[in-house]
Amino acid sequence: MRYQINGYTDMYTVIANERKIGGAIEAAQVRLRTGEVFTNAVLTRLEMSGAHFCSIGFVTEEGKRLIVHVDDISMIADARHVNVCELANECMRKEKCAERLKRLKRLCELNEGSCTPTFQEEALLLAEDIGLEEARSHVDLSFLPHAEKSRVVRIA
């Protein structure tokens with residue numbers, strides 16, 4: 001898990017900057033005023049009208065896409081920003097992994113023979129989002145620096 005989402009502003013920031021920061025927003029539960037409950041909903045859109053949030057788009061575990069007015073939402077429980085490979089919503093995990101993998105392949109194709117720090121950063125972000133092992137099985141990532149895991153020693 002990257003971090004907990006604390007409100008609509010956090011959701012909007014993550015969704016608006018999804019390409020730069022990666023990951024997705026998943027809520028353990030979204031309950032509507034009608035009583036309908038959706039578990040592991042992945043939030044895909046947050047629309048604003050002027051300075052006010054007006055609607056939220058999300059995808060259910062069954063792959064059903066819903067757009068709901070914010071006044072119709074009773075509760076969004078345990079919303080968090082997670083890597084795509086950590087999504088509990090299987091339908092969106094497959095879709096987003098395929099999308100990120102396609103972008104990673106295209107990025108590697110366009111930068112073939114040129115290994116700039118910016119290219120490495122974006123490729124690493126995409127690979128970590130998909131899962132390094134999964135990404136390596138589809139794309140040659142030998143150009144990425146091998147980060148050694150630092151050992152943390154805790155005293156007291």
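These legends walk through several close-up views of a predicted model.

**View 1. The whole chain, from one end to the other.**
Let's start with the overall picture. The chain contains 5 helices and 6 strands. If you follow the sequence, these elements come in the pattern β-α-α-β-β-β-β-β-α-α-α. The C-alpha trace spans about 55 × 50 × 30 Å along its principal axes. Two domains are assigned: domain 1 covers 8-87, and domain 2 covers 91-137. Their centres, taken over C-alpha atoms, are 24 Å apart.

**View 2**
In what order do the strands of the open sheet lie? The order is E1-E6-E2-E3-E4-E5, with antiparallel pairing. Strand E1 (3-4) and strand E5 (65-69) are the edge strands, each pairing on one side only. As a reminder, strands of a sheet pair through backbone hydrogen bonds, either parallel or antiparallel. Look for Phe 58, whose bridge partner in E5 is Leu 66.

**View 2. Strand E2 and its two neighbours.**
E2 and E6 run antiparallel and are joined by 8 bridges. E2 and E3 also run antiparallel, here with 6 bridges between them. Opposite Ala 27 stands Ala 79 in E6, while the bridge partner of Ala 27 in E3 is Ala 41. The hairpin of E2 and E3 has 4 residues between the strands, and in this hairpin Gly 35 takes a positive phi near 100°.

Side chains of opposite charge can pair when their charged atoms come close. The model has 11 salt bridges by the rule used here. One of them joins Arg 80 to Glu 26, with the closest N and O atoms 3.5 Å apart.

How many residues does each domain bring to the contact between domain 1 and domain 2? Domain 1 contributes 17 residues and domain 2 contributes 14 residues. The size of an interface is often given as the accessible area lost when the parts come together. Between domain 1 and domain 2, the buried area is about 1200 Å², with 55% coming from carbon and sulfur atoms. On the domain 1 side, Arg 19, Val 84 and Cys 85 supply 40% of the area buried against domain 2, more than any other three residues.

**View 3. Charged and polar partners across the interface.**
The interface of domain 1 and domain 2 holds 3 salt bridges. Another feature to spot is the salt bridge of Arg 100 with Glu 18, where the closest N and O atoms are 3.0 Å apart. Between the domains there are also 9 residue pairs in polar contact. Helix H2 (18-21) and strand E3 (37-49) each supply at least two residues of the side of domain 1 that touches domain 2. H2 gives the most to that side, with 4 residues. By class, this side of domain 1 has 7 nonpolar, 5 polar and 5 charged residues.

Note on methods: Residues numbered from 1 in each chain as written. Predicted model: local features only at pLDDT ≥ 70, side-chain atom pairs only at ≥ 80, totals over all residues. Heavy atoms only, no water. Domains from an automatic or database assignment. Contact = heavy atoms within 4.5 Å. Buried area = accessible area lost by both parts, 1.4 Å probe. Salt bridge = Lys/Arg side-chain N within 4 Å of Asp/Glu carboxyl O. Polar contact = N/O pair within 3.5 Å; in protein donor to acceptor, adjacent residues only side chain to side chain. Nonpolar A, V, L, I, M, F, W, Y, C, P; charged D, E, K, R; others polar. Pairing = 2+ DSSP bridges.
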